[in-house]
Amino acid sequence: MSATADHAENLAARLGFQSEQVVQEIGYDEDVDQDFRETVEALVSELADEDYDDVADAVLLWFRDEDGDLTDALVDATELVEDGALILLLTPKTGRDGYVEASDISEAAETAGLSLAKGLPVGKEWTSTKLVTPKAAKSKK
């Protein structure tokens with residue numbers, strides 16, 4: 001494995017992805033970072049598309065400013081995973097087309113009931129924000 005590929009795999013793992021996970025990908029388009037996407041896909045059990053109809057272990061959410069309402073997208077993402085699961089929000093970096101303000105991300109995450117953690121840059125064009133669904137009491141389900 002090359003040093004670059006090893007670094008990318010380490011990045012996917014540092015962001016919270018694990019082997020044997022089913023990760024549902026939302027917002028895929030031709031502008032996504034293909035290298036990072038392929039690294040996540042190689043690490044996890046399955047990278048499922050938006051039509052996946054079972055509960056996923058994590059969500060990979062590509063989101064651009066013009067994609068609609070971020071709060072709605074985050075609420076929808078929480079319904080695809082178990083409590084305590086990772087939702088990795090990927091948005092274009094500052095100054096790029098589709099950039100989303102950090103304050104908008106923070107507000108949308110809070111409204112959606114998600115815990116916000118610092119993410120990392122992903123490739124040249126994207127940055128990540130780690131979001132975690134709250135661990136609810138078992139009586140909720």
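Asp67 is partly exposed, with a relative accessible area of 39%, where buried means under 20% relative accessible area, exposed means over 50%, and partly exposed lies in between (1.4 Å probe, protein chains only). This is a predicted model, in which local features need pLDDT of at least 70, side-chain atom pairs count only at pLDDT 80 or more, and totals for chains, interfaces and linings use all residues. Residues are numbered from 1 along each chain as its sequence is written, and side-chain values use heavy atoms, with hydrogens and water left out.

The side chain of Asp67 meets that of Arg64 in a salt bridge at 2.8 Å, N to O; a salt bridge is a side-chain nitrogen of Lys or Arg within 4 Å of a carboxyl oxygen of Asp or Glu. Arg64 counts as buried at 5% relative accessibility, and its side chain also forms a salt bridge with Asp31 (2.8 Å, N to O). This second pair links distant parts of the chain, since Asp31 lies in the loop between strand E1 (22-26) and helix H2 (34-43) while Arg64 lies in the loop between E3 and helix H3 (70-78), 33 residues apart. Asp31 counts as partly exposed, at 37% relative accessibility.

## A further salt bridge

The structure holds four salt bridges, and one of them joins the side chains of Glu125 and Arg96 (2.9 Å, N to O). Glu125 lies in the loop between strand E5 (115-122) and E6, and Arg96 in the loop between E4 and H4, so the pair ties together parts that are 29 residues apart in sequence. Both residues are partly exposed, Glu125 with a relative accessible area of 39% and Arg96 at 31%. Salt bridges that share partners join Asp31, Arg64 and Asp67 into one network.

## The aromatic pair

The structure holds one aromatic pair. Trp62 and Trp126 form this pair, which is edge-to-face, with 4.9 Å centre to centre and 80 degrees between the planes; rings of Phe, Tyr and Trp (its six-membered ring) pair if their centres lie within 6.5 Å, and planes under 30 degrees apart count as stacked, over 60 as edge-to-face and the rest as tilted. Trp62 is buried, with a relative accessible area of 1%, and Trp126 is buried as well, at 2%.

## The chain as a whole

The protein chain has four helices and six strands, where helices (H or I, at least four residues) and strands (E, at least two) are DSSP runs numbered from the N terminus. Buried residues make up 41% of its 141 residues.
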